[in-house]
Amino acid sequence: AAAAAGDAAYAAGARTLRDGARFAAAPFSSVHAYLGLLRAACAAVSPLGPRAVVVCAAAVSDFHVATPPEHKIQSTGGAGLTLELDAVPKMLGLLKPWGARCVVSFKLETDAALVDAKAAAALEHYGVDGVVANLLDSYATRATVHAPAAFPSPLRLEDARGVDGALADAIVRIHGAAGAPPPPDPLAVRLVDEGHVDVCID
């Protein structure tokens, strides 16, 4: 129920941004098109310098079919089917070279024993300014923010009504700690696992 409420709140927020001409969706149909749009989004906010924050809210996929078959896969009479998937390239480390000055990413897991360690590893490996760690079964109501420059110890957030507002406040603090005071009209680029890139001006 909490996840459904979070989804509804996000959809309502997206409609508000779109209706106010502060939202643009860039559809894509392949991993390669998505990665191209990700680079284009970073280039688009680059002229804003430290006023821009790029928020990568979810990976589109960890794996993909590198070469889709030309025709429908035929049934095998009950023998089953084996698929070979390629890993999607990890691009977080390229966002700053592409023009993003402040980057916040998300780490979504299903195993509570892994999520915080993987978030901390992402900070070190990709050089992002903050990582929001959450679990699939409670992503809308609980999150932990890892951002050493803004929060000396991980910031734990929990709210049965949803943590979106608290996360927005945390991202503003991460932005400031990255050496970029929040401007009157910051531009945030949010990538979500819904088949498009969301560009939100707020």
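Which residue in β7 is the bridge partner of Ala133? In β7, that partner is Thr144. The pages below start from this pairing and then widen the view.

## What you are looking at

This is a predicted model, in which local features need pLDDT of at least 70 and side-chain atom pairs count only at pLDDT 80 or more, while totals for chains, interfaces and linings use all residues. Residues are numbered from 1 along each chain as its sequence is written, and side-chain values use heavy atoms, with hydrogens and water left out.

The chain contains four helices and 10 strands. Here helices (H or I, at least four residues) and strands (E, at least two) are DSSP runs, numbered from the N terminus.

The predictor's confidence in each residue is called pLDDT, and it runs from 0 to 100. For this chain the mean pLDDT is 79, with 76% of the residues reaching 70 or more. Among the elements of the chain, β7 has the highest mean pLDDT (95), and strand β9 (residues 187-192) has the lowest (41). Over residues 182-202 the pLDDT is below 50, and this stretch has 71 contacts in the model beyond near neighbours in sequence. Contact here means heavy atoms within 4.5 Å.

## Strand β7 and its partners

Two strands pair if DSSP finds at least two bridges between them. Strand β6 (residues 130-135) and β7 run antiparallel and are joined by three bridges. These two strands form a hairpin, with six residues between them. On to the next partner: β7 is joined to strand β8 (residues 155-158) by four bridges, and this pair also runs antiparallel.

Strand β7 (residues 142-146) is mostly covered, as four of its five residues are buried. Buried means under 20% relative accessible area, exposed means over 50%, and partly exposed lies in between (1.4 Å probe, protein chains only).

## Two residues in these strands

Ala143 is found in β7, and Leu157 in β8 stands opposite Ala143. Ala143 counts as buried because its relative accessible area is 4%. Not counting residues up to four places away in sequence, Ala143 touches Val132, Ala133, Asn134, Leu155, Arg156, Leu157, Val163 and Leu167. The C-alpha atoms of Ala143 and Lys107 are separated by 9.8 Å, although these residues are 36 residues apart along the chain.

Asn134 belongs to strand β6, and with a relative accessible area of 7% Asn134 is buried too. Leaving aside neighbours within four places in sequence, the contacts of Asn134 include Phe106, Leu108, Val115, Tyr139 and Ala143.

## The nonpolar cores

A nonpolar core is a set of buried Ala, Val, Leu, Ile, Met, Phe, Trp, Tyr and Cys residues joined through side-chain atoms within 4.5 Å. The largest one has 24 residues, of which Leu38, Val54, Leu95, Trp98, Ala100, Val103 and Val131 touch the most other members. Helices α2 (31-45) and α3 (112-126) and strands β2 (52-56) and β6 each supply at least two residues of this core. With six residues, α2 gives the most. There is also a second, separate core of 16 residues, which includes Val132, Val145, Phe151 and Leu167.

## An aromatic pair and a buried histidine

How many aromatic pairs does a search of the whole structure find? The search finds one: Phe28 and Tyr34, a tilted pair at 5.3 Å centre to centre with 45 degrees between the planes. Rings of Phe, Tyr and Trp (its six-membered ring) pair if their centres lie within 6.5 Å; planes under 30 degrees apart count as stacked, over 60 as edge-to-face and the rest as tilted. Phe28 counts as buried because its relative accessibility is 17%, and Tyr34 counts as buried at 10%.

His64 lies in strand β3 (residues 63-64) and is buried, with a relative accessible area of 14%. Not counting residues up to four places away in sequence, His64 touches Val31, His32, Leu85, Asp86, Ala87 and Val88.

## The chain as a whole

Buried residues make up 35% of the 202 residues in the chain. Of the contacts with a separation of 6 or more, 62% come from residues 24 or more positions apart.
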